[in-house]
Amino acid sequence: MVPDWKLLAPHRPLDPGAAAYIRPPDGTGERVAKWIAAGGSTVLLGGPVGVGKSTELAHAASQLQATHVACLVPLDRFANMRKITADEARSVITARVADLALRVLGIDLSDDLREVLRARNLVDARWMRGTTWALREASPEIVLDLTLREVARLSRQRRICLLVDGLEKCPEAVGREVFDAIAGAPDDVDLAVVVPWYAAFGPGSDQVVRSGEKLFSVRPPAVSGAEGRVGRDFLRGVLGRRLGMAPEFFDATTLIDAPPGVTDVVAPGPVALLVERASEQSGGCVRTFLQILADAGSYARLRRDADWPDEADIEDALADQRDSFRRILLPGDRDAILEADGTSGMELALDRKIRLMAHGVLLERLHGRDAVLEAHPLARAVLGMGEAANE
Amino acid sequence: MSDPAEALWNAIHCGAPVVVVLYADLGLAEAAVAEVDSLGDPAWSSRRVSSVAEALTRHANELVLLVPTNEAESIADLEGGRDLFVDRVAPVVLFLVRGGDGERALREAPSLASWIRGSIVDPEELSRIDAVAEREKFLRQTAMTPEAWLEAHGGGELISTEDLGRTYRARLLER
């Protein structure tokens, strides 16, 4: 079987209901969906880059379909989050809800609402059925409100959940304005919102969207040693599903147990062991894991016209990753990381803590009920720390 | 660590929507752009632009060579607008001065930095190589010396995108 490494697409989150989805060990998407289905009306989602926040939000949307008109709104796919205005955010949300209602759920929205939406270019002309005397000058705020109310009333579920992605990329002032816009949704609209770094990793005393909100942290699974076995299984599952191969194909245990000469049930040679190494070095971050293997697969193709990477390909892909980690460090980061490693991070200056956690240089792990910071394995190697230093 | 041509080729062809190439000073920008342009897929056209807004107007199959007039502004725009490029077939290659405003701004741009992790290439830094060892490595990988490779593949016949990278390396290593 010939792998197509471009299928790994490390930069692309999965859509709701995607067949390639694999449940992560802590099942954040499921937990978010259960919380909302149980009546928790506002969820905040935070975590470092590349940990799978968008994919988990999409999975929560798919899980909520039975009880809610669950509308995933990836704002960052429609606007530059550096400059987005509250009204732009409202318009994107309105367009997504209208599209879901008309195209996916087949809800028969009124001609008046269609006219209002069309006047603002928020629905396609094919959904128009004739001219009405609709309110044509409604503000984006009112149009959103009208759309939410009518969709909720006409839907089987009678309740809407907006799952809004991309707000972690907003500068603080822009983010505040957009959060105010989202918070302006009617109280009976449930919200799940990916929040900026300052809200995810800061002191957490301020309300971000509206009262009663609950923060869910998306943490990468442990992947080293015996306690990391579940996390490594998860990453192997992600790899197998994206490449369209059984995860056992990449299982080092299967490789060892396979009968001699059987080459089509396990990856050739030491590939399973290389996948194991990539998973450990990824720190449990899905994007990093996929980037390492996509790069290594590409090197194999370039260097030898080979389908599978060898050790040198993986090591070069890891070196590229380490180089990128090195470039994002500021003077003083090394000492701060050394001090924070294995602690709660309380002693870290807040700005530095937020920046290092957002980049995933410092990862948060749960030890029992306590959250402890841990330097990413690739950062450990860059900084000459501990067990990863000589890798 | 891979060699410059391999690293550049890999960054451009591995499917990443945005890639960063560093160069040492303004006088070397043109050479860096030409180098990247020469490694593109023969099926891609290429277009040089100077802002993220301009890059957004280009077709997904076009190799976009972004040499920003304002590096920090471009990093901020890509941090906020990264996902507008998610469907690209050929990447946007962002050229930054090593140690300049853009590279510094990357430290405060976690979303963009995460996307381009492993795809930041500094050809000059990578080119500080042991030429003898690299020639031996080329021989091991292709069973040809760089000169023999160029004789066999440098005649202008249609070659694969993988071979483009090897041809480029052979040119660097030929005596």
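Buried here means under 20% relative accessible area, with exposed over 50% and partly exposed in between (1.4 Å probe, protein chains only). The model is predicted, so local features need pLDDT of at least 70 and side-chain atom pairs pLDDT 80 or more, while totals for chains, interfaces and linings use all residues. Residues are numbered from 1 along each chain as its sequence is written, chains are lettered from A in the order in which they are written, and side-chain values use heavy atoms, with hydrogens and water left out.

Helix 2 of chain A (residues 53-63) is mostly tucked away, with 9 of its 11 residues buried; helices are DSSP runs of H or I, at least four residues, and strands runs of E, at least two, numbered from the N terminus. The buried set includes T55(A), A58(A) and H59(A). Among the elements covering them by contact (heavy atoms within 4.5 Å) are helix 1 (28-37) and strand 1 (42-46) of chain A.

T55(A), A58(A) and H59(A) also turn up in the lining of the second largest cavity, along with L14(A) and Y21(A), among others. That cavity has a volume of about 30 Å³.

As for cysteines, there are 0 disulfides over all chains, a disulfide being a pair of cysteine sulfur atoms within 2.5 Å. C285(A) is in no disulfide either, the nearest cysteine sulfur, that of C14(B), being 18 Å away. C71(A) is buried at 2% relative accessible area, and C285(A) is buried at 4%.

Conventions: On a 1 Å grid over the protein atoms alone, a cavity is a set of points where a 1.4 Å probe fits but cannot get out, and a pocket is an open set with protein on both sides within 12 Å along at least five of seven lines; lining residues have an atom within 4 Å of a point. Grid points are joined across faces, edges and corners, and a volume is the space filled by probe spheres set on the points.
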